[in-house]
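Subject: Structure handover and notes

Dear colleague,

I am passing on the structure below, together with some notes on what came out of the analysis. Please read the notes with the structure open beside them.

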Amino acid sequence: MSALLLAATGCVTVHGEREIVPAVEKAEAPEVLKRFTDGYNEAYRKLDRGVIARVESGPLAEIGYADMTTQNAVTPGGNPKYPPLVLDDARFLIPEQAGWPKFFVADTHSNRDGNRWFVVFLRDGVKDPWRAGYLSILSPDRVPKFVTDEDGWAEAVPTAKGDAKDAKGAKGKDQELAMAPGAVSAAYTDFLRDGQGSAFAPGPRTTGMREEREKIKRTPTFWTEFIDTPEPADGFPTPALRIEGGGAMAFFSAHHRERRTMAQGLRPALTDPRMKALLKGDLTRSVTYTKVSESAVRVPAAGSKEGVAFLNRIESVTAVQGE
């Protein structure tokens, strides 16, 4: 299977970076999904970071690495009774693209719940394997209808305005969105910091988060500082697919640091064994939690009165630093 995954996709040639071709062949996509689920299940049985590195990248891998550390603290030596994840009833959303990185999306049913699990696979080059970079979980009634052509290929949206090399037929269409996908991470972290503008729709992941943060900024026993950092496009690409009726569904990530400093005479305490497993340094006066978030959003068409709306957001602690 590894030979298959490392092979060039379809019509890619020595100069394939300039050719517009399907990101992955339709017959290969199910094999990529199977390789991911097999690796995911192996990693969570063995609690092995090395297996995660083979099948995941980007924010999903960061979450996976932290999971391996915290679960090893709870069940050292592995978890052979881990219930395997099954992803079936898959629909593959494959765009035609030129250049790297390439991506495609598996819209699947999971044996964990009644939702649709969207797994975004990324590949940096012809010699690299496909790895899952994003996971989003949507209720069936929140799944958008995607634009596809007569051959069934989805339509990728260029990451930045003016960049039309990513997808067939995309020239000029990047100007039809309220925000370029590559700008969403920075716009989101700016909003969390200052709450300015109307780029994002009100909701628990935008205005709601700011309200919750206000409650713990200063209390009688501690005060909290928040630092939100957008992801650089080269290290964490923002895949996006055009949806019917205008707009696009985009996947992006961000990092968030939450530093909690105790009042004079008090020390921070950790009671969760998972957080203790991630702890570095001594808990004397403050503790800083580093988190990574991965999100799926609906970016509206340009001129829409609606803001960017969250379809799903997953956040996980990846590091804890005591001071």
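How many of the 323 residues of the protein chain, as a percentage, count as buried? The share is 47%, where buried means under 20% relative accessible area and exposed over 50%, with a 1.4 Å probe and protein chains only.

This is a predicted model, in which local features need pLDDT of at least 70 and side-chain atom pairs count only at pLDDT 80 or more, while totals for chains, interfaces and linings use all residues. Residues are numbered from 1 along each chain as its sequence is written, and side-chain values use heavy atoms, with hydrogens and water left out.

The protein chain has 7 helices and 12 strands, taken as DSSP runs (H or I of at least four residues for helices, E of at least two for strands) and numbered from the N terminus. Of the contacts (heavy atoms within 4.5 Å) between residues at least 6 apart in sequence, 64% join residues at least 24 apart.

The largest nonpolar core holds 29 residues, of which F36, F104 and F121 touch the most other members; such a core is a set of buried Ala, Val, Leu, Ile, Met, Phe, Trp, Tyr and Cys residues joined through side-chain atoms within 4.5 Å. At least two residues each come from α2 (29-46), α3 (49-55), α4 (58-74), β4 (102-110), β5 (116-123) and β6 (131-138), with α2 giving the most, 7 residues. Leaving aside residues up to four places away in sequence, F104 touches V24, A29, V32, F92, L93, I94, P95, V119, V120, F121 and W130. Another core, of 18 residues, lies apart from the largest one and has L93, F146, F236 and L241 among its members.

Strand β4 is largely enclosed by the rest of the structure, because 8 of its 9 residues are buried. β4 pairs in the antiparallel sense with β2 (residues 87-93) over 5 bridges and, also in the antiparallel sense, with β5 over 8 bridges, where pairing requires that DSSP finds at least two bridges between the strands. H109 in β4 is the bridge partner of D88, F118 in β5 is that of D107, and a hairpin joins β4 to β5 through 5 residues.

In helix α6 (residues 207-217), the buried residues are G208, M209 and R213. They lie on the same side of α6 because they cover an arc of only 135 degrees around the axis, the arc being that of the directions from the helix axis to the C-beta atoms. E211 and K215, on the other side of α6, are exposed. The buried residues of α6 pack against α5 (184-194), β7 (222-230), β9 (248-262) and β12 (309-322).

With best regards
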